[in-house]
Amino acid sequence: MVLFVVVALFVVFSLTLDGFLNVDNLVNLVRSVSALGIFGVAMAVVVIARGMDLSLIASMGVATAVAIQLMRTPVSTPVALLTGLGIVVIMGLLNGFLIAFVEIPALFATLASGLLVYGLARTTVLDGLIAELPGDRQFVLALGQGTVFGIPVPIIVFAVVAVLAQLMLSRTRGGRFIYAHGDNAGAAALTGIAVRPLTVFEYTASAATALVGGLVTAGAVGGLNTQVIDGSLIYDVLLVVVVGGISLVGGRGSVASVVAGTALIGIMLNGMTIMNMNTHEQDIVKGLILLAALVLDNRLHPRDEETVRQGD
């Protein structure tokens with residue numbers, strides 16, 4: 001159904017909007033939503049496990065900004081990237097611990113941790129709102145601006161992340177455990193799955209994946225504006241996941257759902273930009289689409305309190 005809407009929207013915009021069906025515009029469209037797709041893959045891992053990570057953009061933004069600041073010093077690129085990776089791993093471990101062992105609801109745990117890490121970073125390590133990437137860090141710049149055989153690198157990175165995530169979810173024992181966890185955590189625990197450590201892994205893997213998207217974004221624009229943490233990006237990520245068809249009740253969906261959702265939201269955003277719709281008008285459209293997707297998800301996947309009860 002989502003793919004049908006994607007095709008229909010593509011045809012309508014191609015016939016009605018000047019410049020939409022242009023090779024350069026289409027390439028830029030795919031390039032621009034590649035990072036959003038990577039964030040969607042990261043969020044999908046926790047949503048399939050019936051979780052939610054509202055700190056995803058905050059941890060990504062802080063880790064990417066800190067890594068970029070280190071790159072403006074004599075610190076080597078690998079060390080800077082490992083430092084950023086360390087930050088998101090700590091965030092993932094913190095979120096997983098709060099949710100799995102302290103048993104704080106994911107919505108509130110991740111909201112609080114996101115506010116915490118951004119507040120601490122702004123008052124301690126971040127020099128300003130904008131972290132500018134130095135021109136000699138070619139690896140990060142290539143992630144956002146490079147091409148391989150004419151194909152933009154962000155598209156390749158998105159494809160690699162999507163394929164690896166799909167293989168992990170569908171072809172590994174850990175992936176099957178994630179689906180079982182999302183479908184019924186109590187039943188998963190009774191079958192011997194270590195649900196609590198699995199939760200920690202889910203949030204850590206999600207945060208690490210989001211860092212890849214942050215580096216692609218930084219490479220594309222030559223830096224990172226940390227105000228993105230306070231923006232609507234986290235809602236765009238949720239929009240991609242829910243519209244793509246990953247159910248919030250857990251245990252359903254795949255990376256293919258994220259790809260479909262990314263295509264839909266990318267075409268929609270590109271069309272609204274060509275139509276010169278302002279930010280508030282775009283937010284109205286995105287809000288209506290998200291509400292419609294949530295209502296449809298609730299109708300297609302109603303919650304059964306007898307089967308969704310959690311706990312050991």
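Helices (H or I, at least four residues) and strands (E, at least two) are DSSP runs, numbered from the N terminus. The model is predicted; local features need pLDDT of at least 70, side-chain atom pairs count only at pLDDT 80 or more, and totals for chains, interfaces and linings use all residues. Residues are numbered from 1 along each chain as its sequence is written, and side-chain values use heavy atoms, with hydrogens and water left out.

The largest pocket holds about 780 Å³ of space, the volume being the space filled by probe spheres set on the points, which are joined across faces, edges and corners. Its lining consists of 28 residues, and Ser32, Leu36, Leu233, Asp236 and Leu269 lie nearest the centre. Two or more lining residues come from each of α2 (23–48), α10 (195–221), β4 (223–225), α11 (233–244), α12 (255–274) and α13 (279–300). The largest share, 7 residues, belongs to α2. The lining comprises 14 nonpolar, 10 polar and 4 charged residues, where Ala, Val, Leu, Ile, Met, Phe, Trp, Tyr, Cys and Pro count as nonpolar, Asp, Glu, Lys and Arg as charged, and the others, Gly among them, as polar.

Helix packing was described by axes, which are lines fitted to C-alpha atoms over the stretch in contact, with angles from 0 to 180 degrees between N-to-C directions. The axes of α3 (residues 56–71) and α4 (residues 77–100) come within 8 Å and cross at roughly 160°. That makes α3 roughly antiparallel (over 145 degrees) to α4. Contact (heavy atoms within 4.5 Å) involves residues including Ser59, Val62 and Val66 of α3 and Ala80, Gly84 and Ile87 of α4. This contact has 12 nonpolar, 4 polar and no charged residues.

The axes of α3 and α5 (residues 106–123) also come within 8 Å, crossing at roughly 25°. That makes the two helices roughly parallel (under 35 degrees). Ala58, Ser59 and Val62 of α3 meet Gly114, Val117, Tyr118 and Ala121 of α5, giving 5 nonpolar, 2 polar and no charged residues.

For α11 and α13, the axes are 9 Å apart and the packing angle is about 40°. Asp236, Leu238, Leu239, Val242 and Val243 of α11 meet Lys286, Ile289, Leu290, Ala293 and Leu294 of α13. By class, this contact has 8 nonpolar, no polar and 2 charged residues.

Notes:
On a 1 Å grid over the protein atoms alone, a cavity is a set of points where a 1.4 Å probe fits but cannot get out, and a pocket is an open set with protein on both sides within 12 Å along at least five of seven lines; lining residues have an atom within 4 Å of a point. Angles under 35 degrees count as roughly parallel, over 145 as roughly antiparallel, 65 to 115 as roughly perpendicular and the rest as oblique.
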